[in-house]
Amino acid sequence: MAPPFTLVWTRLTEQRRRTALSVEQIVAVAIRIADAEGTPALTMRRVATEAGTGTTSLYRYVTNKDELLELMVDAVQGEGELPTEPSGDWRADLTLVADGMRASMLRHPWLATELRSRPSLGPNALRRSDFALAAAGGATADITVASALLGTVANYVHGAVLAELSEREDVRSTGMTQDEWRNAVSPYVRKVIIDSGDYPWVARRIFEAEDFSHDQQFAFGLDCVLAGIEKRVAR
């Protein structure tokens, strides 16, 4: 039988009263490790060592790594300013939400994966979720549709950010920038794609298309998503 489920947030107030080392200090250490090395490097022993406490003592604050990740997710969602309420321009408000999500996930590469699992119920995450739903609610009074619209935007942000992070990882693992990789494969591209004439649209892309920066690509894609939402809610 599985042990009784206890939400970490229900214990924090009492823990803060009776412990010397703060939960915030532990979470800050864990975030620093995860940002530098990813969540596989995040162990209770490692966090305890870098926080200057014993592993046994650490379990007085969090019972396992899952709880620690829950606290980390909420902590990073507390970064940056958030308006008290939406402006009333739902496209601008959802753009603000999307840009904030992207910035946070790029600062903390592990966050994108964690946000794809169970939703966080911490105060910072709930505040951001409430603002995001209110922003989507500017497009429709139907909360079901507003939730679906927000999910569509969030899915776009996740996909775009994961692609950007994947490129970062490629550069790190190969030691080659995008320009260096293109130079390395250029003989193959010329022979197989350009000279053969078998892939005319790919050849056009190579010769004619402008290369967007990550910021430009993200903004363009988000604009397409929001334009689609605008048409959908106008039905």
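Q: Within what distance do the axes of H2 and H3 come, and at roughly what angle do they cross?

A: Two packed helices are described by the distance between their axes and by the angle between those axes. In this predicted model, the axes of H2 and H3 come within 9 Å and cross at roughly 115 degrees. The crossing of these two helices is right-handed.

Q: Which residues of H2 and H3 make the contact?

A: H2 contributes Ile26, Val29, Ala30, Arg32, Ile33 and Glu37, while H3 contributes Arg46, Val47, Glu50 and Ala51. By class, the contact of H2 with H3 has six nonpolar residues, four charged residues and no polar ones.

Q: Where is Thr39 found, and is Thr39 buried or exposed?

A: Thr39 lies in the loop between H2 and H3. Its relative accessible area is 17%, and Thr39 is therefore buried, the cut-off being under 20%. When neighbours within four places in sequence are left aside, Thr39 is in contact with Ala34, Lys65, Leu69, Trp110 and Glu114. Thr39 and Val157 are 118 residues apart in sequence, and their C-alpha atoms are 21 Å apart in space.

Q: What is the arrangement of H10 and H11?

A: The axes of H10 (residues 178–194) and H11 (residues 200–208) come within 10 Å, crossing at roughly 135 degrees. H10 is therefore oblique to H11. Val189, Arg190, Ile193 and Ile194 of H10 meet Val202, Ala203, Ile206 and Phe207 of H11 in this contact. By class, the residues are seven nonpolar, one charged and no polar.

Q: Which residues of the largest nonpolar core touch the most other members?

A: The largest nonpolar core has 51 residues, and Val47, Leu68, Met72 and Val153 touch the most other members. Several helices each supply at least two residues of this core, among them H2, H3, H5 (65–76), H6 (90–107), H8, H9 and H12 (214–233). As for Val153, its contacts, apart from neighbours within four places in sequence, are Leu94, Ala98, Leu222, Val225, Leu226 and Ile229.

Q: Where is Leu106, and which residues does Leu106 touch?

A: Leu106 is placed in H6. At 14% relative accessibility, Leu106 counts as buried. Not counting residues up to four places away in sequence, Leu106 touches Val161, Glu164, Leu165 and Arg168. Leu106 and Leu162 are 56 residues apart along the chain, and their C-alpha atoms are separated by 9.1 Å.

Q: Does Glu164 count as buried or exposed, and what is Glu164 in contact with?

A: Glu164 belongs to H9. Its relative accessibility is 12%, so Glu164 counts as buried. Leaving aside neighbours within four places in sequence, Glu164 is in contact with Arg102, Leu106 and His214.

Conventions. Residues are numbered from 1 along each chain as its sequence is written. This is a predicted model: local features need pLDDT of at least 70, side-chain atom pairs count only at pLDDT 80 or more; totals for chains, interfaces and linings use all residues. Side-chain values use heavy atoms; hydrogens and water are left out. A nonpolar core is a set of buried Ala, Val, Leu, Ile, Met, Phe, Trp, Tyr and Cys residues joined through side-chain atoms within 4.5 Å. Buried means under 20% relative accessible area, exposed over 50%, partly exposed in between (1.4 Å probe, protein chains only). Helices (H or I, at least four residues) and strands (E, at least two) are DSSP runs, numbered from the N terminus. Contact means heavy atoms within 4.5 Å. Axes are lines fitted to C-alpha atoms, for helices over the stretch in contact, and angles run from 0 to 180 degrees between N-to-C directions. A crossing is left-handed if the near helix is turned anticlockwise from the far one by less than a right angle, and right-handed if clockwise. Ala, Val, Leu, Ile, Met, Phe, Trp, Tyr, Cys and Pro count as nonpolar, Asp, Glu, Lys and Arg as charged, and the others, Gly among them, as polar. Angles under 35 degrees count as roughly parallel, over 145 as roughly antiparallel, 65 to 115 as roughly perpendicular and the rest as oblique.
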